[in-house]
Amino acid sequence: MKIFSAAQIREADAYTIRHEPISSLQLMERAAGACAQWLYGHFDASRPCYIFCGMGNNGGDGLVIARLLQDKGYQATACVLHHSSKASADHQANREALERQYPQSLYDIHAVTDFPELPAGSIIVDAIFGTGLSRPIEGWMTGIVHKLNDLQARHTVIAIDLPSGLLADASSVLMPVVHAHHTLSFEVYKLALLMPENAARTGQVYILSIGLHPAYLTQTPARFHVTDAAMMRTIYQPRQPFAHKGTFGHALLVAGSYGKMGAAVLSAQACLHAGVGLLTCHVPQCGYLVMQISAPCAMCITDPQEAYSAHFHEGLSPAEAVKYKTIGIGPGLGTATATAKALELLLEQYQQPVVIDADALNIMAAYPFLLSRIPPGSLLTPHPKEFERIFGSTRNDFERLERLSQQATQLQLYILLKGRYTAIACPDGAVYFNATGNPGMATGGSGDVLTGILTALLAQGYAPKAAVLLGAYLHGLAGDIAAARLSQEAMTAETIIDCLGPAFLQL
Ligand SMILES: NC(=O)C1=CN([C@@H]2O[C@H](COP(=O)(O)OP(=O)(O)OC[C@H]3O[C@@H](n4cnc5c(N)ncnc54)[C@H](OP(=O)(O)O)[C@@H]3O)[C@@H](O)[C@H]2O)[C@@H](O)CC1
Ligand SMILES: Nc1ncnc2c1ncn2[C@@H]1O[C@H](COP(=O)(O)OP(=O)(O)O)[C@@H](O)[C@H]1O
Ligand SMILES: [K+]
């Protein structure tokens, strides 16, 4: 699914109105209808509904929602906030429609002192500002936002299209923004809905289709995307009947150190469960038995060092390096100086795309000159702290996203910034957000599992872009299946590996 800017969404609305064709009032009726359907499905008519409406078309949606709720027997009040002396034409038309049918449902607000008393358990619908917000909320409207946010603990708040005050395409940190429990957004994600800095404002996000014209959606280019099941079905390659283990590549995994052999085991098991043909793990002496017992399907090479690895480059003379289709390096590796030196030498000897994670990333942060030595097309998987260590801090998530994308382009790498919506920046400037996954994955070792999956997919011959999009999706999907089976609390990184099978079966 593409992510559109506020300007593109306005164009999509206008295109739909021209080409379907449909009047803008009918399109508003359809958008509000989708929200009303959602509300009927989630709350019964016993709870009073207060719909706070701005003077633009977001407010217009709110006025229609109030009428549709009344039609179904809900007690709905449209509280119109007169922040501007001029209402949009569709707002005005829907105000008149509500006034005609349910005159007692209109309540006008001209100042904070007009704010109504809300009975306990009310539903608050925030239809004040949507994608038309052009500047931060100021003046007495700030007081309204604060009032709504004070009520958030006792009432359910549902934002229409965007929580009011949130800019669709830029950072709104430090700006007054409504805090919603749920956001019902139209047709496509907006960038702001995917940013961690807005998590407390958007709550759970639902994308409701309002039938915007498919020609606009498919033909309009977008830099930002959210990956989905349909995209994965085009990437996934089923196995051919005559395939053998050589078809699926031999991967080398360089991972583990004293006290962190679990990271190596998790990566190895994930790699094996994600379809690698053959796997060799390079581990320090202390990890030999651990690895052979915990991952018997993998082969094991031991480093001369006891507690950490520092000689993994040695088996990689040009003749030997070609046997490995890819290398996954970093989980639990440690950051000893000798390990960093071996990483430098490995990057001199190995020219194909690799997966770089965890301590290999921390080594990059300590020796930034190594970044330019990473083979083009490689996959880097930092979590936000690792990203900051390598690429520096930023003032907000939008600035960080730009930095991420710019670095992926400059270094010609795929960089995955892990999180609720892992952002995958590509060398061509495109960014894909992964929507699978859940907070149950916020547990030690989840990232090691991702490294194993990505290594397996590269080894099987998936192109780096296909591997990174499919790998992130499968990882999150396996996490979702694990949470459904065991709960977010009880699942562990090991259960994510156990659920890779069902995840592949769902593709
Ligand atoms: N046919 C369609 O197009 C469809 C549109 N749809 C819906 O329309 C929404 C977009 O509507 P929109 O473009 O009217 O903008 P909206 O978000 O209501 O805000 C504009 C109003 O806010 C004002 N304003 C802005 N910033 C402000 C500030 N900081 N502080 C104070 N005022 C501020 C601005 O006033 P002005 O800037 O002129 O002073 C104007 O009055 C979209 O999110 C979706 O919900 C759906 O029904 C589907 C069909
Ligand atoms: N709230 C969440 N929603 C979705 N995915 C999450 C969430 N929290 C963590 N994850 C995923 O879990 C993984 C955690 O990786 P990482 O922080 O490197 O863990 P570790 O270092 O313990 O292996 C990432 O892929 C991340 O996207
Ligand atoms: K809103």
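Residues are numbered from 1 along each chain as its sequence is written, and chains are lettered from A and ligands numbered from 1 in the order in which they are written. In this predicted model, local features need pLDDT of at least 70, side-chain atom pairs count only at pLDDT 80 or more, and totals for chains, interfaces and linings use all residues.

I begin with the helices, which are DSSP runs of H or I with at least four residues, numbered from the N terminus. Helix H3, residues 57-71, packs against helix H4, residues 89-101, at an angle of about 20°, and their axes are 8 Å apart. Axes here are lines fitted to C-alpha atoms over the stretch in contact, and angles run from 0 to 180 degrees between N-to-C directions. H3 is therefore roughly parallel to H4, a term for angles under 35 degrees.

Let me turn to ligand 1. Of the 28 residues around ligand 1, the nearest are Gly56, Asn57, Asn58, Gly130 and Gly132; a residue is near if its C-beta atom, placed from the backbone, lies within 6 Å. Helices H2 (24-42) and H3 are the elements that give two or more residues to this shell. The shell around ligand 1 has 11 nonpolar, 13 polar and four charged residues. Ala, Val, Leu, Ile, Met, Phe, Trp, Tyr, Cys and Pro count as nonpolar, Asp, Glu, Lys and Arg as charged, and the others, Gly among them, as polar.

Finally, ligand 2 is surrounded by 17 residues, with Gly437, Met441, Ala442, Ser446 and Gly447 the closest. Helix H16, residues 446-459, gives the most to the shell around ligand 2, namely four residues.

Definitions and conventions. Parallel < 35°, antiparallel > 145°, perpendicular 65-115°, else oblique.
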